[in-house]
Amino acid sequence: MTPLKKESLKITNNYICKILLLMLRYLIDYFQSTWKVIIMDAKNFVIKPETYADKSGMKTELNINSRAAYNFSKRYFDEFSKAIFVLEVKSEQFRVSDLGIQHRDYLLEMLNDISEEINNQVQQAKNILDENGITDRATYANPPRIEVMVSSPTDHKLIQLIYAFDELCVLGDTLRITDSAKPAEVLKTLENINKKMVDLIYKAERFAKFVIIRHVENINKIRNEQKKKKQAANKETGGAKEAQNGDKGEKGTKTEDASVEGGSSEPSDGSGFQEINE
């Protein structure tokens with residue numbers, strides 16, 4: 001009895017291992033087909049311009065001083081606004097609002113973290129200038145002006161971030177001009193902040209693409225389900241027709257058999273008439 005139990009246990013373990021391997025293979029295939037498309041191909045995925053056809057907003061002029069803040073606003077503000085439009089508005093239309101709001105909230109947390117870091121850097125710069133008795137601030141001969149289209153409260157938060165970054169740039173130039181800090185240190189601080197702000201924009205664009213991709217996946221899923229239902233309905237209809245044709249075939253066979261039996265007393269050719277004439 002003992003060897004049988006061991007053999008049975010061995011078979012059971014092998015069976016469980018096969019099931020686990022199949023499940024693992026299925027999961028690998030799923031992630032390769034789904035997340036690879038979302039994560040890797042999102043970089044090359046382009047949102048069509050008509051997606052923003054119904055985007056509205058209010059024109060706002062940004063009164064900034066530094067060239068760095070101007071360049072960031074000119075290059076990235078509209079991209080961020082479009083991404084937020086997809087996350088907040090289009091996600092509702094696409095019925096994936098949970099995904100859109102989740103990503104939007106993540107961006108807000110990221111934005112708040114960057115804003116807090118800028119505020120800390122601004123305070124440190126002010127403390128250094130106060131210690132050196134410097135009250136003046138750097139000014140610019142031709143301060144840039146830029147007009148942006150604000151479409152949501154989240155856009156306003158980005159504007160606040162840009163103003164904070166602009167203030168930090170002015171303080172950085174003041175530190176450099178007054179020799180209150182090393183230029184390399186000032187530049188490194190500003191580049192680090194700018195890099196994080198750009199990363200915020202890139203994440204917003206990628207999250208917007210996730211929403212569009214999920215929308216496309218849902219549409220394809222619905223179409224595939226409809227296609228399967230249609231194929232199943234056609235199959236059932238085809239089976240019913242075949243059954244009807246089969247019944248008709250049986251009836252036709254019986255009729256033919258009856259005609260053969262009924263006409264068996266008369267020959268089908270002219271030999272019978274020759275016999276009668278004779």
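Colleague: Which residues in α2 meet which residues in α3?

Modeller: First, a caution: this is a predicted model. On the α2 side, look for Phe 80, Ile 84, Leu 87, Glu 88, Ser 91 and Glu 92. In α3 they meet Ser 97, Gly 100, Ile 101, His 103, Arg 104, Leu 107 and Leu 111. Sorted by class, this contact holds 6 nonpolar, 4 polar and 3 charged residues.

Colleague: How do I describe the way two helices pack?

Modeller: Two packed helices are described by the angle between their axes and the distance between those axes. Take α2 and α3. Their axes cross at roughly 145° and come within 7 Å. The crossing of α2 past α3 is left-handed.

Colleague: At what angle do α3 and α4 pack, and how far apart are their axes?

Modeller: The angle is about 25°, and the axes lie 9 Å apart. Angles under 35 degrees count as roughly parallel. So α3 and α4 are roughly parallel to each other. Their crossing is left-handed. The contact of α3 with α4 has 15 nonpolar, 5 polar and 4 charged residues.

Colleague: Let me step back to the whole chain. How many helices and strands does the chain have?

Modeller: There are 6 helices and 2 strands. Follow the sequence and the order is α-β-α-α-β-α-α-α.

Colleague: What share of the residues is buried?

Modeller: Of the 278 residues in the chain, 31% are buried.

Colleague: Now the core. How many residues does the largest nonpolar core have, and which have the most contacts inside it?

Modeller: This core has 54 residues. Ile 118, Leu 158 and Leu 200 have the most contacts inside it. Next, see which elements supply it. Those giving two or more residues are α2 (67–93), α3 (97–131), β2 (145–150), α4 (153–177) and α5 (183–262). The most come from α5, with 13 residues.

Colleague: Let me pick one of those residues. What does Leu 200 touch, leaving out residues up to four places away in sequence?

Modeller: Leu 200 touches Phe 80, Leu 107, Met 110, Leu 111, Ile 114, Leu 158 and Leu 161. Leu 158 is among the residues with the most contacts inside the core.

Methods:
Residues are numbered from 1 along each chain as its sequence is written. This is a predicted model: local features need pLDDT of at least 70, side-chain atom pairs count only at pLDDT 80 or more; totals for chains, interfaces and linings use all residues. Side-chain values use heavy atoms; hydrogens and water are left out. A nonpolar core is a set of buried Ala, Val, Leu, Ile, Met, Phe, Trp, Tyr and Cys residues joined through side-chain atoms within 4.5 Å. Buried means under 20% relative accessible area, exposed over 50%, partly exposed in between (1.4 Å probe, protein chains only). Helices (H or I, at least four residues) and strands (E, at least two) are DSSP runs, numbered from the N terminus. Contact means heavy atoms within 4.5 Å. Axes are lines fitted to C-alpha atoms, for helices over the stretch in contact, and angles run from 0 to 180 degrees between N-to-C directions. Angles under 35 degrees count as roughly parallel, over 145 as roughly antiparallel, 65 to 115 as roughly perpendicular and the rest as oblique. A crossing is left-handed if the near helix is turned anticlockwise from the far one by less than a right angle, and right-handed if clockwise. Ala, Val, Leu, Ile, Met, Phe, Trp, Tyr, Cys and Pro count as nonpolar, Asp, Glu, Lys and Arg as charged, and the others, Gly among them, as polar.
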